[in-house]
Amino acid sequence: MLFSTEVTSSKIISDNPLFQRTLKAYHLVAPHIHGNVLEIGCGEGYGVALLYKNANQLTLIDKSPYTAELIHNKFPNTTIIQEKIPPLTQLESNSFDVVVSFQVIEHIKDAALYLEEIHRVLKPNGKAYISTPNALKTIARNPWHYKEYTFESLSSLIEKTFTNYRIEAICGNEKTDAYYEKNQKSVARFLRYDVLKLQHRIPAWLLQIPYEIANRMNRKKLLNKNPNLVNSIALKDYSLAEHSEATLDFFCTLSK
């Protein structure tokens, strides 16, 4: 199986800083998991164990055909749906106590419908937890993302569907800041060849393959030059805080 740079993998060493960052959201939500739980966009399923442990029933949705193969044998009591969303065509209204969807909304063209569908399938008093990167911390255009959000634009979108919500931040520390700075400088060296600023001018689908190649090369380069830093970043280096200029990912709690 070919892992895209948009699939943050637990199996690729050079992915470790971003893998730990995305895994942090699952650890933050784990104490709140109960009852009938839905995860939208589970990917390779590295967070499923934390959800599976406390859920009475777990349903997973992902567009990838590999999801069932990767997850079903390890977590046989889960319901796995392969579907491109939104809408959530196979799910009934008012059926889930908790919905989890991490690093997904930035890939969705109709994000308003995505949130409306989450609201629809939640039971009264149910909660949804979503995360997404802070657009202000993006180093280069990501052609896999339909839209990235600032605190203000994300708030404006959410409040159209949820009246009760909270947006917090996943932040790093000096160690993750050092990795971010090295990554930023390394990407800048790649982009100096883009004198015509094509990354912002060509259609996203044309940029995806060059982005894949360059991003994989960049992560491997960072690992080779900074092995101790890349390998040492762990869950404890990320924390939940109030939104600030240091926000890496937004962590949102939405209540029905």
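**Reading buried residues and contacts**

Me: Which residues of helix 6 are buried?
Reply: Buried means under 20% relative accessible area, exposed means over 50% and partly exposed lies in between, with a 1.4 Å probe and protein chains only; in helix 6 that applies to Thr 176, Tyr 179, Tyr 180, Asn 183, Ser 186 and Val 187. Helices (H or I, at least four residues) and strands (E, at least two) are DSSP runs, numbered from the N terminus.
This is a predicted model, in which local features need pLDDT of at least 70 and side-chain atom pairs count only at pLDDT 80 or more, while totals for chains, interfaces and linings use all residues. Residues are numbered from 1 along each chain as its sequence is written, and side-chain values use heavy atoms, with hydrogens and water left out.

Me: What covers the buried residues of helix 6?
Reply: Contact means heavy atoms within 4.5 Å, and the cover here includes helix 1 (16-29), helix 7 (204-225) and helix 8 (227-232).

Me: Which residues of helix 5 are buried, and what covers them?
Reply: In helix 5, which spans residues 151-158, the buried residues are Leu 154, Ser 155, Leu 157 and Ile 158. They fall within an arc of 165° seen down the helix axis, so they too line one face, and what covers them includes helix 4, strand 5 (122-133), strand 6 (164-171) and strand 8 (249-255).

Me: How far is Glu 39 from the nearest side chain of opposite charge?
Reply: A salt bridge is a side-chain nitrogen of Lys or Arg within 4 Å of a carboxyl oxygen of Asp or Glu. Glu 39, found in strand 1 (residues 36-40), is buried yet has no salt bridge, and the nearest side chain of opposite charge, Lys 74, is 13 Å away.

Me: Where does Asp 97 lie, and is Asp 97 buried or exposed?
Reply: Asp 97 lies in strand 4 and, at 17% relative accessibility, counts as buried. A side-chain polar atom of Asp 97 lies 2.7 Å from the backbone nitrogen of Asn 36.

Technical notes:
Lys and Arg count as positive and Asp and Glu as negative; His and the chain ends are not counted. The arc is that of the directions from the helix axis to the C-beta atoms. A polar contact is a pair of N or O atoms within 3.5 Å; within protein, one must be able to donate a hydrogen and the other to accept it, and residues adjacent in sequence count only if both atoms are side-chain atoms.
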